Amino acid sequence: MARDAQTTTWTDADPRAFVAAVARPVRRRDGQTLLALMERATGQPPRMFGTSIVGFGEYRYAYASGRTGHAAAAGFSPRAAASVVYLSDGTEAHAGALARLGPHTTGVGCLYLKDLAQVDLDVLEGIVAASYAALTAGTYGLRAREGGDGPEHAPPAG
């Protein structure tokens, strides 16, 4: 397989059944909350992206390296330690809102939430909506670690 070949793709698995089968009660509850929240924030139905990511909508990316592909424009995964919300435009793009969210930790493009009952769900929905809007406004040209705030940072067309 080529180094740049995309390995995670959309599947036909049922995302609601996936969330219903989550073993940990808090993760299952939070997964059900995230299903509704992300569907509202994106206007898109949930679909499985790979075996453990519930995705909403799709965005195209094209990096300066020449690598291109597609990914879920919004998504989450109910992992053992925390629910992970994917922010592919980078968590730094949402620093102000994250300061108002409540208990969480972050990675470059991941927001880790141990209990949604402890966070402000309106703030979380706003973060998801803003990330989705930035990613779907055009071909996205930055990796999460490069920060930025939207398609104006994409490489020129042509």
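## Helix 2 and what follows

Helices (H or I, at least four residues) and strands (E, at least two) are DSSP runs, numbered from the N terminus. An α-helix has 3.6 residues a turn, so residues three or four places apart point the same way.

Helix 2 has 18 residues and spans 25 Å from its first C-alpha to its last, close to the 26 Å expected at 1.5 Å a residue. That expected span is 1.5 Å times one less than the number of residues. Just after helix 2 comes G43, with a positive phi of about 75°.

## About the model

This is a predicted model, in which local features need pLDDT of at least 70 and side-chain atom pairs count only at pLDDT 80 or more, while totals for chains, interfaces and linings use all residues. Residues are numbered from 1 along each chain as its sequence is written, and side-chain values use heavy atoms, with hydrogens and water left out.

## The overall plan

The protein has 4 helices and 6 strands. Along the sequence they follow the pattern α-α-β-β-β-β-α-β-β-α. Of the 158 residues in the protein, 44% are buried.

## A hairpin

How do strand 1 and strand 2 run, parallel or antiparallel? Strand 1 (residues 46–49) and strand 2 (residues 53–62) run antiparallel and are joined by 4 bridges. Two strands count as paired if DSSP finds at least two bridges between them. P46 stands opposite F56 in strand 2. The hairpin has 3 residues between the strands, and G50 in this hairpin takes a positive phi near 80°.

R47 lies over the face of W10, at 4.1 Å from the ring centre. A charge sits over a ring if NZ of Lys or CZ of Arg is within 6 Å of the ring centre and within 35 degrees of the ring normal.

## The nonpolar core

Which residues have the most contacts inside the largest nonpolar core? They are F76, V85 and L124, in a core of 39 residues. The elements that give two or more residues to this core include helix 2, strand 3 (68–78) and helix 4 (121–136). Helix 4 provides the largest share, 6 residues. A nonpolar core is a set of buried Ala, Val, Leu, Ile, Met, Phe, Trp, Tyr and Cys residues joined through side-chain atoms within 4.5 Å.

## Aromatic pairs

The structure holds 3 aromatic pairs. The ring centres of F56 and F76 are 6.5 Å apart and their planes are at 25°, so this pair is stacked. The pair links distant parts of the chain, with F56 in strand 2 and F76 in strand 3, 20 residues apart. F56 is buried, with a relative accessible area of 0%, and F76 is buried with a value of 0% too.

Y59 and Y61 form a tilted pair, 6.1 Å centre to centre with 50° between the planes. Both Y59 and Y61 are buried. Rings of Phe, Tyr and Trp (its six-membered ring) pair if their centres lie within 6.5 Å; planes under 30 degrees apart count as stacked, over 60 as edge-to-face and the rest as tilted.

Methods: Buried means under 20% relative accessible area, exposed over 50%, partly exposed in between (1.4 Å probe, protein chains only).
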